[in-house]
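Let's take a walk through this protein together, one stop at a time. Keep the sequence and the 3D view side by side as you read.

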Amino acid sequence: MPRFTVDTAALECRRTPWDERVFGHPCAEITLLDPAGADDATLASLLARFDEWAAAEGVRFAYGRFTPSAQDKRTLHQAGFYFAEASYRIRHTRIQSTEAFDRLIRPGPVLEPAREEDYPALQDILAEDFLHGRIHEDPWVQPEDAAKRYRLWLLDLVAQQHEVLTYRLKGEVIGLHVQRATDTVADLVLTGVKRSHALLGVPLWAEALRLNRLRGIREAHTLISAANVPILNLYRRFEFQFDALLLGFHKRY
């Protein structure tokens, strides 16, 4: 992963082949931007170093999520980045104390490991019913490209050995839950239901919490769009804590 420094400031970035498959040209993500107390001029020089690397790589689209500090916002705008979306990093540190939410689980729907033949139905849900995220909320990205990115993302998550679970009602795949756990901590990647079955969203999240509790998971983390108000309210209902706000800035070359 490329790393650039100017005085005390540091930036790390990477190519994003999963985006390149969608857009047909090189793309990149800034994974770390640490001013470390440097002034605006130093941070601007660091972003210029990134631009030089991006030009050498042929990058035409770049993005990153950054702190909402005045300096970050100011220097990113001056460097040609535009604001595209905002997200909250949230966590639940008391998964073992979530028994009270079991009452929200409805009899009937079943959360179970996905089979390969389920993937097309899961991809349809992601493409048609998931309308938030860093690419969906970019005003310059076509909806069909954002949907295609989600379709491909599911297969990437499978290849990366994330746990992919289907949510079924009378045999029909109506939702999904994707996570990856290490020891007693779970990273909750994707959870949701078809819009036609929105009322079953709460039971699905309750079921996912119970699943992790029974496995001995103590803490769960996830990232959610700040624009998705119903989901914000849902996570508050399940007593998740809001740790940080991250602003998504994008740039086209």
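Predicted model: local features only at pLDDT ≥ 70, side-chain atom pairs only at ≥ 80, totals over all residues.

Is Glu-112 buried, partly exposed or exposed? Glu-112 counts as partly exposed because its relative accessibility is 22%.

Residues are numbered from 1 along each chain as its sequence is written, and side-chain values use heavy atoms, with hydrogens and water left out.

Back to Glu-112, then. Glu-112 forms a salt bridge with Arg-115, with 3.9 Å between the closest N and O atoms. A salt bridge here is a side-chain nitrogen of Lys or Arg within 4 Å of a carboxyl oxygen of Asp or Glu. Arg-115 is partly exposed too, at a relative accessible area of 39%. In the structure as a whole there are 23 salt bridges.

Asp-51 and Lys-251 meet through their side chains in a salt bridge of 2.9 Å, N to O. Asp-51 sits in helix 2 and Lys-251 in strand 11 (residues 241–252), so this pair ties together parts that are 200 residues apart in sequence. Helices (H or I, at least four residues) and strands (E, at least two) are DSSP runs, numbered from the N terminus. Asp-51 is partly exposed, with a relative accessible area of 22%, whereas Lys-251 is buried, at 8%.

Another salt bridge links the side chains of Glu-163 and Arg-215, at 2.6 Å from N to O. Glu-163 belongs to strand 7 (residues 163–169) and Arg-215 to the loop between helix 6 and strand 10 (219–225), so the pair ties together parts that are 52 residues apart in sequence. Glu-163 is partly exposed at 24% relative accessibility, and Arg-215 is partly exposed with a relative accessible area of 44%. Some salt bridges share partners: Glu-112, Arg-115, Glu-117, Asp-118 and Arg-168 are joined into one network that way.

Let's go back to helix 2, which covers residues 40–57 and includes Glu-57. Glu-57 counts as partly exposed, at 32% relative accessibility. Leaving out residues up to four places away in sequence, Glu-57 touches Arg-15 and Pro-26, where contact means heavy atoms within 4.5 Å. Glu-57 and Pro-26 are 31 residues apart in sequence, yet 7.3 Å apart in space from C-alpha to C-alpha. With Arg-15, the side chain of Glu-57 makes a polar contact of 2.7 Å. A polar contact is a pair of N or O atoms within 3.5 Å; within protein, one must be able to donate a hydrogen and the other to accept it, and residues adjacent in sequence count only if both atoms are side-chain atoms.

Next up is helix 5 (residues 143–159), where you'll find Arg-149. Arg-149 counts as buried because its relative accessibility is 14%. Apart from neighbours within four places in sequence, Arg-149 is in contact with Trp-18, Asp-19, Val-22, Tyr-63, Arg-134 and Ile-135. Asp-145 lies in helix 5 as well, but is partly exposed at 25% relative accessibility. Setting aside residues up to four places away, Asp-145 touches Val-22 and Phe-23. Asp-145 and Phe-23 are 122 residues apart in sequence and 7.3 Å apart in space, C-alpha to C-alpha.

Our last stop is a pair of loops. Most residues other than glycine have a negative phi. Asp-7 has a positive phi, near 55 degrees, and lies in the loop between strand 1 (3–6) and strand 2 (9–15). Asp-7 is exposed, with a relative accessible area of 69%. Asp-183 also has a positive phi near 55 degrees; look for Asp-183 in the loop between strand 8 (172–182) and strand 9. Asp-183 counts as exposed, at 76% relative accessibility.

Terms used: Buried < 20%, exposed > 50% of the residue type's maximum accessible area, 1.4 Å probe, protein only.
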